[in-house]
Amino acid sequence: MFGEYAAARLINLAQSSLFKRRIFVVPEFYKFTPDHRLGCDFALMPSRSEPFGFVDIEFAHCGCPVIGSLVGGLGKTPGWYFKLWEGGDFNHIKLQLSATVSKAIEEGQEKLSEVGIE
């Protein structure tokens with residue numbers, strides 16, 4: 001259910017005039033190629049549960065820093081992370097993700113170069 005809600009919100013965001021042709025949204029299982037990962041500025045991972053954290057390692061391997069929640073297996077790679085409350089609600093996740101994205105953007109290209117691979 002949450003995945004369907006997130007997919008609908010991401011589709012609306014991608015179709016908005018602000019992000020049209022700047023966000024690639026495929027709300028289904030999709031095999032990313034290395035070219036997709038190399039074209040990313042950030043990998044957004046606001047997961048509530050991430051037992052292994054393989055996806056962040058894949059993106060980090062391609063030089064794409066992660067912005068995500070510090071749960072389970074996430075947090076092993078360079079990037080920006082936020083802590084979740086135990087049983088945190090959607091508004092908490094939204095506020096934390098927004099603040100973390102803002103921090104990553106404010107730190108600029110120099111910091112991005114440090115955490116990613118040029």
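Good morning, everyone. Keep in mind that this model is predicted. Let's start with the overall layout. The protein chain has 4 helices and 3 strands. Along the sequence, their order is α-α-β-α-β-β-α. The chain holds 118 residues, and 29% of them count as buried.

Now contacts. Take those between residues at least 6 apart in sequence. Of these, 36% join residues at least 24 apart.

Next, the surface. The accessible surface of the protein chain is about 8,500 Å². Carbon and sulfur atoms account for 58% of that surface.

Let's zoom in on helix H3. This helix covers residues 54–61. Which residues of H3 are buried? They are Asp-56, Phe-59 and Ala-60. Look down the axis of H3: the buried residues fall within an arc of 100 degrees, so they line one face of the helix. What about the other side of H3? Phe-54 and His-61 are exposed there.

Just past H3 comes Gly-63. Its phi is positive, about 85 degrees.

Stay with Phe-54 for a moment. Phe-54 sits in helix H3. Why does Phe-54 count as exposed? Its relative accessibility is 55%, and exposed means over 50%.

Asp-56, Phe-59 and Ala-60 are buried. Phe-54 and His-61 are exposed on the other side. Thank you.

Methods
Residues numbered from 1 in each chain as written. Predicted model: local features only at pLDDT ≥ 70, side-chain atom pairs only at ≥ 80, totals over all residues. Heavy atoms only, no water. Buried < 20%, exposed > 50% of the residue type's maximum accessible area, 1.4 Å probe, protein only. Helix = DSSP H or I, 4+ residues; strand = E, 2+ residues; numbered from the N terminus. Arc of directions from axis to C-beta. Contact = heavy atoms within 4.5 Å. Areas by Shrake-Rupley, 256 points an atom, 1.4 Å probe, with all protein chains shown as cover.
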